[in-house]
Structures are given as C-alpha cells and as structure tokens.
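Please keep the sequence and the model in view while reading.

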Amino acid sequence: MSRAKFLRAKRKQRRGMAVVVVLGLLAITLSLSYALLRTQGTASLIARNSSRQLDARLAAEAGLAAALRKMHEDGWAGVSSTLAANVDTNTSYAVAYTTGDASLATTDANYAEYPFRVTITSTGTATDPLQPSMQTIYRLQAVVQLVRRALRSSNPTGWSNYLTPTVYQWSSSDAHLNFPLRIEGPTTFLGRVRLATNYPGTTSTRDLYLKDLNTIRTSTGVDNRPLNSTVTLGTTSQTSDVTNSLSNSLGLSIATSTASTSAPLTRPGTVTTYQLYPGGTSYSIPSITTTYGSTPSNITLAADPVANPLGVYRSEGQVTLGNNVKITGVLLAGESSAEVRISGTGVAISGRNLPLLDGSTTNYQMPAIIAGDDLRVINSGNATIRGLTIVWDEFELAYGSYLQTLDFQGKLLTAKFLGRGRQEWDIDDTYWDLDKFLYQYQYQNPPEPSTVTSFPEWMRRRYGYNYTPQLLKLQANTDGAQYRWQDWTQSVYVKGTSDAGLRWNVVRITPLP
C-alpha cells in the first residue's frame, strides 16, 4: 500500500473515533442534565409538600384559636356546633366540639370533672395550588375545662324565709301533729294546727302529757317535746286550746305571719332533660318508673359523670319505693299527679352537693325530693332523707306502727303537713283518762320511792310508750349545704357577672396522627 493511501485510511479512522467521543459526551451531558432536572423537580416537590404541611398545621392552629375564642363569647352555639373557614385560597380549617375528656378513667381523681370538659378537634387542610388533588391534613386536639364562675339565680322571692324553719307549711290547710313525732328547730304553719288528733281525746289529758314533757326538759335538760323552738302561725284561725298547749304546756314561743298561702314555687311539671352550662350537653333524665316499674326495690341510683352528672332521676304517676332503694341526687316527680310513697325498709334519699364554684368552699344543693303531688311514708316504711324536700300537696307520715321510722335532716316545704299517730298508742280515750287519774292519784305522795314523777313515764311503764322520739324525727341539716331552686328550662351554671362569656382553662393541646 502506498504511503498516500495509508495516510488517507488513518484520517478516516480518527474522524470515526471523534464522532463516538462526541456522542458519548453528549449522552453524559444529557444524563447529567436529566438528573439535575429530576433533582430540582424533587426538591421543588419536597418544598411544596413541606409548605403544605406547615400551612395545614397553621390552619389547624387558627381553627383551634377561633374555637377557643367562640367558647369565651356569650353567644357560643355550644358543643353541638362546628366551625369551618378558609384561611386563604389554598388553606382551611374545620373544628368540632365534644363533651368530655377521653383520657379520664373512672378511677381518675378528676373523673367527676368529665362533664365540664370539652374536647376540641381542629383539622387544617392545605391544597397544592399547582395540583389541587394533592392535599395535606394536620389535626390538633385540645381539652379545656369550664371555670365554674356562677350559678344561675332562680330562687324565688323570699326564698330565705321559706328555708329558715325546719318545716314550712304554706297553705291554709290543717296541720296534724301527733307525738311521738318530733320536729327540731323553728316551724311555720300557715294553716290551723291540730295537736294530738289521734290520741288522747281529752284536752286536759293531752296537756298533762305535754306539760310533763316540758318539765322533764327543765329538770334534766333532755328535750323530748314534739316541738322545741318558735312556732310561727299564719292568719288562719287557730283554736285557743292548741295555742295554749303550745305556749303554756310546751313552753314554746309563738309568732305570727301574714305570708301568702299560695305556693311559693311553680310545680316543674314533666322534666326530661337538664343542662349544666349554656351550650353544654342536654342530659336525659332517666325514668325510675319506666326502668324499674312503679314499685322498685333493691336499687342504688347516683350520679354518672358521662350520662347523668347531677344524679337526677324522675318518676311519673304513683311510685312506691320498696326495700333498699337508695338515691343520691334529685328525685324529680314534678307532675301534678306524681306521688312518691315510701313503704320499704332501708330507703335513703339524699341530696348531692353541686361541683364547687371557682375559689369557693360553699356547698350548694338542689332539692333531694320534688313531689308534684304527695310524699307519704306508709306502712312500716323506714326512710332516711337528707336535703331539701318540696311537696306540692300532702307530706304525710301515715298512721302506722311505732316501728315506722323517719330520719329527716334538711328542710321541708309543703302545702300540707300530716304527722299521724302510732297505732300502738291509739288506745281508747277512756284508758288515757283513767291512766291520767291513776298517775295523779299515786303522785299525791312524791317522796315514796315507787312514785312515778311524770305522766309520760307512767304511760311508758304501763304500755311501753317510749316518749323519746328516736324513730320519728325531722331536723335541720347540719352539713352547711345551701339549698337552691332550679329552673329546669335553664342551665345550672352561667357566666360570671363581670365576664363576657364562659371561662375555660386549657388542660392540654396535642397533635393527632
């Protein structure tokens, strides 16, 4: 091969290699450029995602702030309301309220605060402006606690006057008082008082018995009189023999009252729900008669922080409480035909202190019993009652056995008071009068060791009439509780007088997955 041909062949070979090198460099450049573009795209996507996450969180925080602000306003729509708003074109929030705090267990020391806590769930949403189908959601949850600043004022005019005496009978109906029943503390009877209507029938015999009870008090300091404090009587005509017995035989002070004989309160009627605070949950009041029938027994009813935080229970028509019925809270028989009877043993009805107001140590209670018609302790009923009891017609300790018991501590407001006698004491008037004569006859010579020095003691020895009223007693409460009337159409708690709305404390704020 000539030299010229050899050189031409070598030049062609070099030109081919250059093309390969150029193509290789171009491929590398394109690969690097694509990788760079992908990296930049990923970085941009990450940045947009991060921005959406931040926007969603800020939206959730904005929703939570708006929800808290609403709760502090007087016109808050309540736990059943929701909030939703756009923060800007691409972000928004939605808020829901729920009564309670799921973290509280029944064994928790703060479990009773469950109904006063509200859980707020705020959901923030951020949308990618370039890809509207891409959204980021962030959820925040806050638990807040109501600061109980005030109770709604629903007590009627003159409320303190009604609660001064242990028993306040507001109507002009006759009031019946038979020993060995005892009422401790001042009493008000706007109707005519009928004293010892079952026995004895002779006024002189009755007065001797009562006078000697007072003599025992002055000589020994032991007071077993049926009444032991000032008796306030209304303008209804009283019989002189009764007023003389009260003042002269029993040694009591008598006052007069011109108060109205109309009911001081409006009968509540049918009540099925109640509310703790404005905007709060409306709690259903369980019906005893629906659940347990008209003659319940062996049941214990009390407050449930989730379903019935105040322990309010209602009854309709006539309900007869049998053995071991225990209610702590409110027995609400508000209809005009609602009658409560107690016939069993071990029956205990007690008012419940309301949760304390902020910074206060005063215990407030709603009525333990509200009877739209009658409240009767019948047969051999054994009743323990603690708290305010309001009866729109007859409060009756029915005629029955001496074994019947009534242990009442609180206040009683009633239209009619019927304290009947004990059947074991109800012997013929002839025997009462005869025993009075025999007692007085043997008492002619007091120094004799066998002399019985009081007529009540004589009757105790002769017939077993224990004049110490241990089983039938009404007395004022000693627990310091302040009783209040509740308008069941309104909430129990309200905002403070100087507050724009309800106050809430934040318990905690946590993000949700």
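## The chain as a whole

The model is predicted. Its chain has 513 residues, and 48% of them are buried. The secondary structure consists of seven helices and 30 strands. Among contacts between residues at least 6 apart in sequence, 63% link residues that lie at least 24 apart. The chain exposes about 24,100 Å² of surface, of which carbon and sulfur atoms supply 51%.

Two packed helices are described by the angle between their axes and the distance between the axes.

| Pair | Residues of the partner | Axis distance | Angle |
|---|---|---|---|
| Helix 3 and helix 4 | residues 240-249 | 9 Å | about 25° |
| Helix 3 and helix 6 | residues 429-442 | within 9 Å | roughly 55° |
| Helix 3 and helix 7 | residues 455-463 | within 7 Å | roughly 105° |

Helix 3 itself covers residues 203-220.

The pair with helix 4 comes first. Angles under 35 degrees count as roughly parallel, and with an angle of about 25°, helix 3 and helix 4 are therefore roughly parallel to each other. The crossing of helix 3 with helix 4 is right-handed. On the helix 3 side the contact is made by T203, R206, D207, L210, K211 and N214, and on the helix 4 side by D241, V242, S245 and S249. By class, the residues of this contact are two nonpolar, four polar and four charged.

Helix 6 is the next partner. Its axis and that of helix 3 cross at roughly 55°, so helix 3 and helix 6 are oblique to each other. Helix 3 passes helix 6 in a left-handed crossing. Here S204, T205, L208, Y209 and D212 of helix 3 meet W432, D433, K436, Y439 and Q440 of helix 6. This contact of helix 3 with helix 6 has four nonpolar, three polar and three charged residues.

Which way does helix 3 lie against helix 7, roughly parallel or roughly perpendicular? Angles of 65 to 115 degrees count as roughly perpendicular. The crossing angle of helix 3 and helix 7 is roughly 105°, and the two helices are therefore roughly perpendicular to each other. Helix 3 contributes T205, L208, Y209, D212 and L213 to the contact, while helix 7 contributes F455, P456 and M459. The contact of helix 3 with helix 7 is made up of six nonpolar, one polar and one charged residues.

Helix 1 spans residues 3-71, and A59 lies in it. Is A59 buried or exposed? A59 has a relative accessible area of 1% and is therefore buried, given that buried means under 20%. Leaving aside residues up to four places away in sequence, A59 touches V87, T91, S92, Y93, S122, G124 and T125. For one of these, T91, the C-alpha atom is separated from that of A59 by 6.5 Å, although the two residues are 32 apart along the chain.

## Backbone details in loops

Most residues other than glycine have a negative phi, and most peptide bonds are trans.

P180 is in the loop between strand 7 (175-177) and strand 8 (182-183). P200 is placed in the loop between strand 10 (193-195) and helix 3.

With a relative accessible area of 55%, N298 is exposed. N379 counts as exposed, at 52% relative accessibility.

Terms used:
Residues numbered from 1 in each chain as written. Predicted model: local features only at pLDDT ≥ 70, side-chain atom pairs only at ≥ 80, totals over all residues. Heavy atoms only, no water. Axes fitted to C-alpha atoms, helices over the stretch in contact; angles between N-to-C directions. Helix = DSSP H or I, 4+ residues; strand = E, 2+ residues; numbered from the N terminus. Parallel < 35°, antiparallel > 145°, perpendicular 65-115°, else oblique. Left-handed = near helix turned anticlockwise from the far one by under 90°. Contact = heavy atoms within 4.5 Å. Nonpolar A, V, L, I, M, F, W, Y, C, P; charged D, E, K, R; others polar. Buried < 20%, exposed > 50% of the residue type's maximum accessible area, 1.4 Å probe, protein only. Areas by Shrake-Rupley, 256 points an atom, 1.4 Å probe, with all protein chains shown as cover.
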